[in-house]
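Morning, everyone. Please have a look at the structure before I start.

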Amino acid sequence: MIYNKQIETMPRKELEALQLERLNYIVRYCYRNIKLYHDRFDAIGLDPDKFRTFSDLQYIPPTTKDDLRDNYPFGLFAVPREKVVRVHASSGTTGKPTVVGYTQGDLDLWSEIMARIISAAGVGDADIAQVCFGYGLFTGALGLHYGLERVGAAVVPSSSGNSEKQLMLMKDFGTTTLIATPTYALYLGELAHELGYQKSDFKLRVGLFGSEGCTPEMRAKIEERLGLFATDNYGLSELIGPGVSGECELRCGLHIAEDHFLPEVVHPDTLQACEEGEAGELVVTTLTKEAMPLLRYRTRDLTRINKQPCACGRTTARMDKVMGRSDDMLKIKGVNVFPSQIESVLMPMEQVSPHYMLYVRHEGYTDTLEVQVELVDGSLLESYRDLENLQKKIYHKLHTVLGIDAKVTLVQPKSIERFAGKAKRIVDLR
Ligand code: DLL
């Protein structure tokens, strides 16, 4: 279902005219209301009133996560405190969290774009949706929550964790729609099996998964285990939370809410614009946010954009599933390695489970990568020959895909940590 036909199927020329009008407005708004932009524009002699075209964007220096940290907590708010009705924050691995504020208008816009993604996945008022994201400062739960209410679904705000209870509710309530990270969905599927549930005990139909990447191979496993159809949705707290983009039922790219977010794709090192369709870092300008608009925010996420209309009828640009983050990319012996490449090797292998960890070390003069993966059948550990054969098989596949040697360690079933939110699979010990 297309939630907002007028916008989502608007001819591109009209959409681009709307974007340009909003861009002109937001550039001036940011200059007048946010000190960071005011100072930055003045320092390089950029007159916002001379800003006219999309190509003028290149003169605006990108905004980064550090800018948010340096202005912690509320230094980037463009409105008086009285107009801010909600605050969220992302934890981040180091230092202070990054904070984002919302006006009532921002919350309405957020519900609207979430409703679009939820409808695009085929979810509506007949559905019961269990939100297994952690409720709190994290944007995932409340973002989906309000969007689900907007389309009329019955929301079960079960939050993350307490997995046995999640499954009980899922069965008793007849939950049709699961909202979670792919990692947690995978775990719920595994636990359901262990606890003796059958797929037919559940009425699950659709999964809306996001907040972290998931290879098509991993998605297939989750769909198989839970008996549902899964779509991917993307966003980040700095920009709003979930809602920036999401797949339709055709699953050929994530439709960007382009009337509110203007995407660019740039080379991460030079910040030069990529050719259309070329992969690079996604940089986004919020076109309509009131409390905390951002100009050219560097997401660090790597993707590609396709502006061809989709067979579903939507004309909004589609981004590829995120390939990885420019700052999560592992450089091992000078070679770029994305965890998703490793995942796509491991997932189709029947003897190993979908749970793995990556350890990167500096040993002697060189970097090493160890891939730890769980066996499905622990008795294999007793047969040296079988174990070695499997290890060799994985080693060769990884070598073909990555171009480097990786040490493969096969471990007992259930010995690798399970995650209720985003998985943390990389341990860089260098
Ligand atoms: O994860 C917002 C969100 C919540 C999106 C729920 C979708 C569903 P942050 O915690 O700020 O916000 O993390 C943002 O997570 O820059 C990406 O690296 C990653 N990410 C988010 N969605 C996806 C996805 C939320 N669908 C960071 N695929 C982003 C891959 C994703 N990575």
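Predicted model: local features only at pLDDT ≥ 70, side-chain atom pairs only at ≥ 80, totals over all residues.

The cysteine sulfur closest to that of cysteine 312 belongs to cysteine 310, at 3.4 Å. A disulfide needs the two sulfurs within 2.5 Å, so this distance is too far for a bond. Cysteine 312 is partly exposed, with a relative accessibility of 22%.

Now cysteine 252. What is the closest cysteine sulfur to the one in cysteine 252? Again the partner is cysteine 310, here at 4.0 Å, and that is too far for a bond. Cysteine 252 is also partly exposed, at 37% relative accessible area. Across the whole structure, the search for disulfides comes back with zero.

On to the rings. How many aromatic pairs does a search of the whole structure find? The count is seven. One of them is phenylalanine 74 with phenylalanine 77, a stacked pair with 4.9 Å centre to centre and 20° between the planes.

Another pair is tyrosine 197 with phenylalanine 202. The ring centres of tyrosine 197 and phenylalanine 202 are 5.1 Å apart and the planes meet at 40°, so this pair is tilted. Phenylalanine 202 counts as buried, with 10% relative accessibility.

Last, a charge over a ring. Lysine 289 has its charged end over the ring of tyrosine 102, at 5.9 Å from the ring centre.

That's what I have. Questions, please.

Methods
Residues numbered from 1 in each chain as written. Heavy atoms only, no water. Buried < 20%, exposed > 50% of the residue type's maximum accessible area, 1.4 Å probe, protein only. Phe/Tyr/Trp six-rings, centres within 6.5 Å; stacked < 30°, edge-to-face > 60°. Lys NZ or Arg CZ within 6 Å of the ring centre and 35° of its normal.
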